[in-house]
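This briefing goes through one structure by topic, from overall composition to individual residues. Please keep the sequence and the model at hand while reading.

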Amino acid sequence: MGNADSKLHFRKAVIQLTTKTQPVEPTDDAFWDQFWADTATTIQDVFALVPAAEIRAVREESPSNLATLCYKAVEKLVQGADSGCPSEKERQIVLNCTRLLTRILPHIFEDADWRGFFWSTVPGAGRRLDEGGDDDARPLAESLLLAIADLLFCPDFTVQSHKKGGSSAEDMQSIDSCEYIWEAGVGFAQSPPLNYTHDLNRTELLKLLLTCFSEAMYLPPSSDSKNPSPWVTFFCSTDNRHALPLFTSLLNVVCAYDPVGYGIPYNHLLLSDYREQLVEQAVQILIVTLEHEAGSAASTAAGPDNLFVNYLSRIHREEDFNFILKGLSRLLNNPLIQTYLPNSTKKIQFYQELLILFWKLCDFNKKFLFFVLKSSDVLDMLVPILFNLNDARADQARVGLMHIGVFILLLLSGERNFGVRLNKPYTLRVPMDIPVFTGTHADLLIVVFHKIISNGHQRLQPLYDCLLTIIVNVSPYLKSLSMVAANKLLHLLEAFSTSLFLFSSCQNHHLVFFLLEVFNNIIQYQFDGNYNLVYAIIRKRNIFHQLANQPSDTASIQKALQKRKKPATGISRTNSTETVSMEGSRPAAAAEPGTLKASLEATPGIDKLTEKSQLSEDGTMIAVPHSHTPQTTGDRASAGASDTESNSERDHEVLSWKTKLPLQTIMRLLQVLVPQVEKICIDKGLTDESEILKFLQHGTLVGLLPVPHPILIRKYQANSGTAIWFRTYMWGVIYLRNVDPPIWYDTDVRLFEIQRI
């Protein structure tokens with residue numbers, strides 16, 4: 001009954017606030033205390049009892065009352081942080097103020113006139129107890145952020161007390177929070193005992209912190225990315241004395257989390273896992289605070305001003321890297337776990353945030369990237385990424401997930417070690433909706449990429465360049481492709497080299513160039529083990545002859561384009577012999593009708609995403625200047641551009657790229673091997689391909705091929721376009737994942753649009 005009474009009192013206080021037309025004095029504690037002193041409301045209650053319409057009404061009609069409510073709530077948090085919340089009543093007041101501010105802040109941010117409010121100084125408000133006069137008053141935002149940081153290391157509230165008799169006020173100012181890091185891992189050896197109350201309190205404070213940082217959602221995406229959020233900038237600066245222990249706590253809590261626990265079936269249905277809620281908030285705070293212009297991590301001798309980015313970029317111990325990588329791969333592989341009892345293990349939902357965190361780790365800490373690629377552990381990241389790409393390929397609500405997965409693989413593929421690691425046999429049997437094959441991780445990658453291109457929805461077309469660039473980057477190191485993967489590559493070439501597809505957009509020929517580069521790399525550098533691919537090339541030799549003889553006159557091009565009765569969006573599925581899919585797999589499903597999704601910014605073309613490097617004989621990389629060849633742009637779905645050009649210009653363009661087709665190596669291979677294979681077939685009366693494969697396995701082309709071309713690697717390079725894309729994607733994920741309570745729902749978000757499918 002008491003709980004119902006407290007809700008009623010709280011609701012009455014809200015109604016009083018919305019109906020008062022005169023300003024309420026800040027000194028009227030009897031009125032203001034109704035919001036936090038005697039209530040025991042959950043955050044869900046606060047969202048239900050404080051409707052958005054009423055917050056907006058107070059904002060418009062009695063702004064001084066909303067201002068007073070905010071600064072009184074911040075003042076209570078500051079007092080709690082200073083006193084150390086020794087009593088249960090003080091802890092309840094802190095939690096109530098935390099929930100109330102989480103509810104109100106988005107409505108402050110959505111109004112441009114109010115955005116500066118928290119950065120103004122309110123006389124007498126938000127000041128530290130030991131500070132002097134009003135001249136020393138901090139902006140309200142700074143007082144709020146410092147109070148949250150202090151409260152996150154408050155003994156007996158959010159951390160285990162080290163003292164028998166509890167802590168006193170002076171302890172809070174002198175406390176060494178590095179001794180209170182939440183979890184063992186990077187830079188901390190002790191694992192404190194689990195305390196679900198502490199986990200819940202941390203989660204509530206982190207939710208408020210995330211809401212503070214979410215001002216970015218209310219600014220359009222074109223905003224200058226070089227001006228990061230003032231909230232994040234201040235919180236991650238030297239003004240926050242808890243920056244290091246908090247960064248370490250967040251990272252360790254995420255990487256040490258094991259959702260399966262002791263492995264008791266269905267335990268997640270019997271027990272609430274408060275640690276999971278904390279881990280979700282922790283990883284979201286991490287990816288938001290690690291906001292930094294990529295590539296500038298070493299801009300100053302001391303590293304970046306953002307201390308979270310600074311600390312992340314300076315992690316260097318192998319055991320720390322191992323802890324982080326093992327933790328991330330354990331969590332990313334969790335949804336792939338197979339059990340005999342359906343739904344008996346907990347499946348995490350925050351894999352998109354984990355992928356963004358992994359991206360930022362690789363981007364800001366090159367030593368971590370090299371550590372990841374040093375051993376086969378990188379494959380523990382590759383398999384869940386490919387699983388997610390394959391699973392999401394038909395779901396328009398998960399286009400962002402497709403992009404982040406492909407971007408990570410593009411980043412990894414720029415390093416030689418990644419290509420080398422892909423030669424490890426693939427023995428796992430994760431149920432994926434792909435043909436069964438026996439081969440390596442490289443085969444898995446090619447088969448999944450083929451499935452995305454041939455069976456994904458058309459909004460993935462801008463990713464085709466990236467997918468093929470990844471295959472090009474790893475191709476010089478692939479020792480032995482399976483027959484399944486070899487056939488998939490040939491099927492892609494067959495589909496991309498049809499006249500209709502080639503001429504329907506002035507950029508489509510780039511896909512053919514990428515595939516020819518893959519074949520050339522393998523023939524020149526890995527011929528010995530790739531008899532399956534050589535056999536597939538011989539069998540499909542007509543594709544290469546047709547390419548070489550592709551007509552480039554106006555009449556032929558017009559004739560090809562007239563066949564375009566239906567949109568040339570996907571690629572032809574003919575001749576792609578689909579074998580049985582893996583046991584236990586289910587087809588990739590489209591999004592349920594009504595699913596919410598956040599809009600995304602366009603991604604830059606592959607020429608903006610990558611820079612070319614040439615591998616020299618001693619293994620070093622030499623940058624290659626941009627060629628004058630027309631480069632790919634993002635979306636080739638619209639074919640209108642070619643229709644508006646004059647015919648002669650288009651003919652000239654087609655002739656221009658046709659003369660540059662790198663067919664010499666493949667034609668030479670066919671010239672040498674086709675007569676030999678035909679002769680063996682006639683002489684021995686062979687119809688069995690295994691005998692031909694045996695012949696090709698022991699064949700050689702030494703001295704018969706053109707001089708090997710230098711290996712060209714297209715490395716990912718950061719740019720403003722991807723920075724805006726990442727910010728939009730990250731906040732879209734956070735918006736959609738925080739639904740209980742729905743913190744930003746129904747507010748005027750401007751960074752992206754929320755759409756129903």
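Which residues of S4 point one way from the strand, and which the other way? Leu712, Arg714 and Tyr716 point one way and Ile713 and Lys715 the other, and all are buried, where buried means under 20% relative accessible area, exposed over 50% and partly exposed in between (1.4 Å probe, protein chains only). This is a predicted model, in which local features need pLDDT of at least 70 and side-chain atom pairs count only at pLDDT 80 or more, while totals for chains, interfaces and linings use all residues. Residues are numbered from 1 along each chain as its sequence is written, and side-chain values use heavy atoms, with hydrogens and water left out.

**Overall composition**

- The protein has 34 helices and five strands; helices (H or I, at least four residues) and strands (E, at least two) are DSSP runs, numbered from the N terminus.
- Of the 757 residues in the protein, 56% are buried.
- Among contacts with a separation of 6 or more, 80% are between residues 24 or more positions apart, a contact being heavy atoms within 4.5 Å.
- The accessible surface comes to about 31,600 Å², with 53% of it belonging to carbon and sulfur atoms; the areas come from the Shrake-Rupley method with a 1.4 Å probe, and for residues only the protein chains shown count as cover.

**Strands**

- Strand S4 (residues 712–716) is mostly covered, since five of its five residues are buried.
- S4 pairs with strand S2 (residues 610–615) in the antiparallel sense over five bridges, where two strands pair if DSSP finds at least two bridges between them.
- Within this pairing, Arg714 in S4 is the bridge partner of Lys612.

**Helices**

- The buried residues of H15, including Phe321, Ile324, Leu325 and Leu328, pack against helices H11 (243–256), H16 (351–364), H17 (366–374) and H18 (378–392).
- Helix H26 (residues 531–539) is largely enclosed by the rest of the structure, because seven of its nine residues are buried.
- The cover over the buried residues of H26 includes helices H23 (483–496), H25 (509–525), H27 (541–548), H32 (664–684) and H33 (689–697).
- In H7, 12 of its 12 residues are buried, among them the charged-type side chains Glu142 and Asp150, the latter definition counting Lys and Arg as positive and Asp and Glu as negative, with His and the chain ends not counted.
- The 12 residues of H7 should span 16 Å at 1.5 Å a residue, and this agrees with the 16 Å between its end C-alpha atoms.

**Charged side chains**

- The count comes to 31 salt bridges, each a side-chain nitrogen of Lys or Arg within 4 Å of a carboxyl oxygen of Asp or Glu.
- Arg59 forms a salt bridge with Asp111, the closest N and O atoms being 3.5 Å apart; this pair links distant parts of the chain, 52 residues apart, with Arg59 in helix H4 (residues 52–61) and Asp111 in the loop between helix H6 (88–109) and helix H7 (140–151).
- Arg59 and Asp111 are both buried.
- Arg398 and Asp395 meet in a salt bridge at 3.1 Å, N to O, and both are buried.
- In the salt bridge between Lys608 and Asp607, the closest N and O atoms are 3.8 Å apart; Lys608 is partly exposed, with a relative accessible area of 49%, whereas Asp607 is buried at 17%.
- Lys597, in strand S1 (residues 596–598), is buried yet has no salt bridge, the nearest side chain of opposite charge being Glu753, 8.4 Å away.

**Backbone geometry**

- Most residues other than glycine have a negative phi, and most peptide bonds are trans.
- Asp740 and Pro741 are joined by a cis peptide bond, with omega about 5 degrees, and Pro741 lies in the loop between helix H34 (720–737) and strand S5 (754–756).
- Cys85, in the loop between helix H5 (63–83) and H6, has a positive phi near 45 degrees and counts as buried at 0% relative accessibility.
- Asp746, in the loop between H34 and S5, has a positive phi near 70 degrees and is exposed, with a relative accessible area of 56%.

Technical notes:
The expected span of a helix is 1.5 Å times one less than its number of residues.
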